[in-house]
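Thanks, everyone. I have one structure to walk through today. Please have a look at it first.

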Amino acid sequence: MLRTPLRLYQESLDLMDKEHPDRMSVLMNLATVYHTCFRQTDDSRELEKAISRQREVLLLSPPGHEHKDTHLENLAFSLICRFETFGRMDCLEEAISLYRAALRLCPRGHPRRPESLHLKEAINLKRENLALTPPGHPMRPQILHNLSVSLHTRYAWTGDIGYIEEGIEHLYEASKVVKSGHPDSRHILHVLARILVYRFRHLSLMPVDLSFIFSRTGDAEHLEESIALSRSAIEYPFSSARDRLIAAKNWTVTAHSTRHSSARTAYRKALSLLQRAIDLGPTVQTRHEYLSGKNIRSLPMDAASYAIESRVCEEAIEMLEQGRALLWSGMRSLRTPLEHLRGANRSLADEFTEISQALEAIITTTHVHDFGQTLAGTDDDGVAIGRKDMFARDLAEKRRLSGGLDKVVLRIQALPGFENFWRPVPFCHLQTAAMGGPVVIINLSEYCSDILIIRSNHPVVHIPTPTNFFHRVTKLAHQLSETRKSYRLESKKYDRVLRQTLEELSELVGQPVANRLMELGIPEHSRIWLCPTSVLASLPVHAAGPISLRTNVKRYLRDIYVCSYTPSLSALIASKSRNLSGSSSGQPSLLIVGQPDESLPGVDSETRSIECLVGSGSVTRIAGEAATSENVIARLPMHPWVHFACHGMLQPGRPFESSFLLQHNIHLTLLRIAKSHLPTAELAFLAACHPAELTEDGTPDEVLHLTAAMQFSGFRSVIGTMWAMVDEDGQDLSGYFYGKIFATGAQVASYEKSARALRHATQKLRAEKGVSLERWVNFVHYGA
C-alpha cells in the first residue's frame, strides 16, 4: 500500500532541482513513508533510506529555520532505531547530540519543548487517551501497547501485581490484530510474552514444578500462553533477526528455569537466530559491539547445560560450537578450503572466492581510518552538517555481497557430494579435533556447569561439577583480575592470590579431569587440549594444582599432561588439517621481530641467542627502523616460523586494537594480523606482554586476543602469555624452548614439538632460583 506514495514522492523529487522550494517538504514526507515501511517490515534498508533523506533535509534547513528542531528529532529517532537494530554506540551518541541540539533550539516555554511527566501521571493520561479511542480505531492497538509498557514499568517500581493484570488485559485486546498482520504486532506479542512471565514469576514466587502450580494455583496456563506468544513473536515474518533473538532468549530463560518441555526447541531457535543477528553488522567491530551490549553472552553455555541435563552431550557440543567464537568462525567460513570444489566446478569455486574476499575486506574494515562518519563542520545553530554516512555505504555493499554469496552457496549445495557445504558442523566432524589427544570442554553456566571429555571414536565422557561451581569460578576470575590490576609484576600479594586460584582450580577442574583421564587410560605426558568457556577462558586452567595422582607427589596439571588451548573445536581442526604443501620439509626459516628499548633491554640478547640456536642461515631479523607493520606483514608469508620480542599492548573493551608495538610507536594490530592469509605458517612465539590475555570487561567466548589472531591467520601452533611478562624471561624461556626443539640428534625441527618444548622450557624456568609462580604459569600454547 505504501509503495504508491513512495513512487509518487520519488517521482516528484526527481523532477525538482536542488534549489526547489518544495524539495525539503517532499524529502520529509519521503523519509516518513520510508520509516513507516521500516516499522511495518523491519527491513533495515527502509530505515537507511529514511536516514539518508533526513540528513538531506537537515542540510537544507538554514540556521533559524522554524522547524529545525523537528528535523533534528526525526533524524535522532531514526538513529536510535539504527542503534537498536545494529548496536552501534556511535549512532546512539549522534542521536543524543541531535536531541541536545533540538533542545537548545526550544527554550523553556517553547510550544514544542518536551516536558517530563511522572510515570503515574503519564499512565493516567494514556488511560484517558484510551477511553477516547473506540474499538476499531486504527490507533487503538498502539495506544494499548504504549499503556501496557508504562504499566509494566510501574509494576517494576512498585511490585503491585495490579499493574501487570491491567497490562495483560490491554495486550490481549491488542494481540487480536496479530492475525491481520498489524505493523505493531511484533511489539505487542513481545511485551505480552514478557509481562505474562512476570505474572507467572510473581505468583509462583520461586521456581517450582509445574505440577505444583497446576494443583495449587492453575497459573501454568499463563506460562503456556507466554511460551506460545514467544513462538509467535519468533515466527512473525516482519520481525528482524535481532528482535526475534530477544524473544527467543526470553523463551529459553522461561522454559529452562521452569523445566518446560519446549526448552530444547527454544535453544535451537535462539542459536540459529544468533548468527543471523550478528551477521547484520557489516564489520567485526559492529558485530563485537552487538555481542558486548546484549544479554546473550551466556546463551550457548546455557543451551549446552540444558542438553547435558537432557543427556545429549553430543548435541551440547554442537551447540557450543554453533554459539561461541562467532567472529572467528564467521571469518573462517569465508576462507573455506575449496580444493574438492575446484575439482567438481572450478567456476563456482572462483565465484565463491571472489565474493568471500570482497566480504572479508568489508568485515575487517577498521573503525578509525576508513569506517564510520566524517564531519564537514557545524552551522550557525551549532548543528553538525555535511556528515557522510559511511556505515550506510558499507552496510549496503555488505548486503549486496551477502546476497550474492547466498546464491552461490545454494548452487554449490546442489552439486552431488556438496549437500552439507557451509552448514552447521555435526558432532561426527567436530570429534576429529580429538585425533591427537582428548579435548576437555569446561562449560560454565549459571544453571549447571559441566566438564566434557571428547576422544576420537569414543563416546563423550561427562564429569559433573559442584553446585556452586559457577559462582566459585566467577569469583576467582574477578579476584585474580582485580589483584593483577592493583599490583605490579612479582608482587607477593598477587603471587598469593594466584596460588589460591590454582589450588581452587585444582579442586574444581584439575583433579577430577586428571583422575578421569587416568581411568580412561590416557597415560601421563600425553597431549590434551583445554577448551574453557566464559570467564574460565581468562583463568590459567593448564596450571591447576597441586594435583595428587596415586603417589603423594603433588604436581600441576601441566606436569602431568602436555596442555594446549583451543578457542573452539573448529579452530583446532583447522590448525591440524591445514594444507602445508608449500612449507619446507627441512630446517624451517624463522622471522624474528625484535624491538628493544629502555624497558626491554634483554631483547637484543634474546634474539641473538635464538639465532645461535636455530642457525643464522635460517633466520631473518627485523629490528629498529625496519620494524614497521608493513614490513612485518610482507615478510610473514616467507617464513613458516616467527618470533616476536617486543611490547604487547592490551586495549580493554577494544580488542581489535590490541597490538604489538613496533618502531616509532607503530602498532601492528590484532585486526591487521587477522587480515593476513598464511597457508604455510606453522609456529609463532609471542614473547610479549598480554597476547593471550582476556580482559574481564570483554567477551571471553569470542577469544579476541593476539594469540588467537595469529592462529586464525594460519599459524598452526602459537605460544603467548596470559598477562605481563618479565623481560629476562624472554631470553631464558626462548633459550630453553628453541634448545629443546633444535636439540642435537633431533630428526626434524617441527612445530608439532612446540607444546612439549614449551612444557620443558617452563619447567626449566620454574627450577631457577627466585622465579615466582606467575612467571612460569604465564606462558600458554594454542593450536596443534
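S148 is buried, and its relative accessible area is 0%. This is a predicted model, so please keep that in mind throughout. Where does S148 sit? It is part of helix 7, residues 140-158. And what does its side chain reach? The backbone oxygen of G167, at 3.3 Å.

Now strand 8. That is residues 527-532, and six of the six are buried. The strand is therefore largely enclosed by the rest of the structure. Look at which way the residues point. R527, W529 and C531 go one way. I528, L530 and P532 go the other way. Both sets are buried.

Who are the neighbours of strand 8? One is strand 5, residues 439-443. The two pair in the parallel sense, over four bridges. Across that pairing, I441 stands opposite C531 of strand 8. Another neighbour is strand 11, residues 562-565. It too runs parallel to strand 8, joined by four bridges. Here I528 stands opposite C563 of strand 11.

Stay with W529 for a moment. What sits over its ring? The charged end of K576, 3.9 Å from the ring centre. There is another arrangement of this kind to look at. The charged end of R766 sits over the ring of W776, and the distance to the ring centre is 4.5 Å.

On to the aromatics. How many aromatic pairs does the structure hold? It holds 13. Take F737 and Y738. Their ring centres are 5.0 Å apart and their planes meet at 85°, so this pair is edge-to-face. Buried or exposed? F737 has 0% relative accessibility, so it counts as buried. Y738 is buried as well, with a relative accessible area of 0%.

Last, the whole chain. The protein has 784 residues, and 54% of them count as buried. It has 32 helices and 20 strands.

To recap the local picture: S148 is buried in helix 7. Strand 8 pairs with strand 5 and is joined to strand 11. F737 and Y738 make an edge-to-face pair. That's my tour. Over to you.

Technical notes:
Residues numbered from 1 in each chain as written. Predicted model: local features only at pLDDT ≥ 70, side-chain atom pairs only at ≥ 80, totals over all residues. Heavy atoms only, no water. Buried < 20%, exposed > 50% of the residue type's maximum accessible area, 1.4 Å probe, protein only. Phe/Tyr/Trp six-rings, centres within 6.5 Å; stacked < 30°, edge-to-face > 60°. Lys NZ or Arg CZ within 6 Å of the ring centre and 35° of its normal. Polar contact = N/O pair within 3.5 Å; in protein donor to acceptor, adjacent residues only side chain to side chain. Pairing = 2+ DSSP bridges.
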